[in-house]
Amino acid sequence: MSHDPVGVLGGTFDPVHNGHLRLAMEIATALSFRQVRLVPCARPPHRGAPAASPGQRAKWIRVATSNEPRLRLDDRELLRNGPSYTVDTLASLRREMPETPLCLIMGRDVFANLPSWDRWLEIFDSAHIVLIDRPGIEVELQAEAQAALDARATDDAEALRNHLGGTIYAYAPPPLAISASRIRALLAEGASPRYLLPTTVLDDIIDAGVYGPNPAMAAE
Ligand code: ATP
């Protein structure tokens, strides 16, 4: 069996930014993925409620990916009731794509806390994990996350095509130290985050005044 994998980049996307988008492109190209789906969560189980609404976060992903066929919004978590559990998302994708390897893409910052996720070990029944180093963010892995890494790590990218799931592959993209929290902080203090995220997304954020009133920026 060898199929082009589909990548799954889950997150809050509050808002989507060039760190997410460029990461998805680098992976799609370097690892020959058929597609990378950006999957915003409705209610993140591990952090506070996002500042932007689910509809806004999904719209920005749609706008940001409209010219790139390999990237697309997958809004299944927004259409489901209850908390967004990744294991359920992957099982639902697996049912739709029984023959396609699925690769859950996550920064090391997120992987560090994976053992606190609902039924986390079942993730490997449906998907691989592509583990990304994130510039400027140092994290220590929980012991169980380290053990999963030791047991499942592969440095053979072919494993991502030859198996439907089960392995962990570390990938180091060209680093982009961009985060949604910094973008929100800049907007809150009236500073401009321009060029950290697509212009169309920023313009819509300013129009909607989501992350704080920004009359000065509207005149930029
Ligand atoms: P926040 O600052 O609000 O925590 P974020 O920028 O980390 O947001 P998320 O939506 O939480 O964005 O991230 C979704 C996924 O993308 C996570 O796996 C995260 O590690 C990864 N990611 C986000 N930004 C980058 C980046 N600049 N480089 C590599 N990976 C990133």
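P15 is a buried residue in this predicted model, because 30 C-beta neighbours lie inside 10 Å. Burial is defined by the number of other C-beta atoms, placed from the backbone, within 10 Å of a residue's own: 20 or more for buried, 12 or fewer for exposed, and partly exposed in between. P15 sits in the loop between β1 and α1; helices (H or I, at least four residues) and strands (E, at least two) are DSSP runs, numbered from the N terminus. The peptide bond that joins D14 and P15 is cis, with omega about 5 degrees. Most peptide bonds are trans. Leaving aside residues up to four places away in sequence, P15 touches A52, R57, W60, A180, I183, L197, V201 and I205. Two residues are in contact if their C-beta atoms, placed from the backbone, lie within 7 Å.

Residues are numbered from 1 along each chain as its sequence is written. As the model is predicted, local features need pLDDT of at least 70 and side-chain atom pairs count only at pLDDT 80 or more, while totals for chains, interfaces and linings use all residues. The mean pLDDT of the protein is 93, and 95% of its residues reach 70 or more; pLDDT is the predictor's confidence in each residue, from 0 to 100. Where pLDDT is low, the predicted coordinates should not be read in detail. For the complex, the predictor gives an ipTM of 0.97 and a pTM of 0.93.

The protein contains 11 helices and seven strands. Its radius of gyration is 17 Å, close to the 17 Å that the globule rule gives for 220 residues, so the protein is as compact as a globular protein of that length. The radius is taken over C-alpha atoms, and the rule is 2.2 Å times the number of residues to the power 0.38. Along the principal axes, the C-alpha trace spans about 55 × 35 × 35 Å. Of the 220 residues, 40% count as buried. Among contacts between residues at least 6 apart in sequence, 76% join residues at least 24 apart.

The ligand is surrounded by 19 residues, of which G11, G19, G107, A180 and S181 are the closest. Two or more shell residues each come from β1 (6–11), α1 (18–30), β4 (102–107), α5 (108–111) and α9 (180–188). The largest share, three residues, belongs to α1. By residue class, the shell holds nine nonpolar, seven polar and three charged residues. In this division Ala, Val, Leu, Ile, Met, Phe, Trp, Tyr, Cys and Pro count as nonpolar, Asp, Glu, Lys and Arg as charged, and the others, Gly among them, as polar.

In α9, the buried residues are A180, I183, R184 and L187. Seen down the helix axis, these residues fall within an arc of 100 degrees, so they line one face of α9; the arc is that of the directions from the helix axis to the C-beta atoms. An α-helix has 3.6 residues a turn, so residues three or four places apart point the same way. The cover over the buried residues of α9 includes α10 (199–208). After α9 comes G190, with a positive phi near 85 degrees.

Helix α4 (residues 86–96) contains L90, which is buried, with 22 other C-beta atoms within 10 Å. Beyond residues up to four places away in sequence, L90 touches V8, L102, L104, I123, S126 and A127. The C-alpha atoms of L90 and I123, 33 residues apart along the chain, are separated by 7.1 Å. S92 is also found in α4 but is partly exposed, with 15 other C-beta atoms within 10 Å.

Positive phi values also occur outside glycine. R119, in the loop between α5 and α6 (123–126), has a positive phi of about 45 degrees and is exposed, with 12 other C-beta atoms within 10 Å. Y195, in the loop between α9 and α10, has a phi near 80 degrees and is exposed, with 10 other C-beta atoms within 10 Å.

Notes. Near = placed C-beta within 6 Å.
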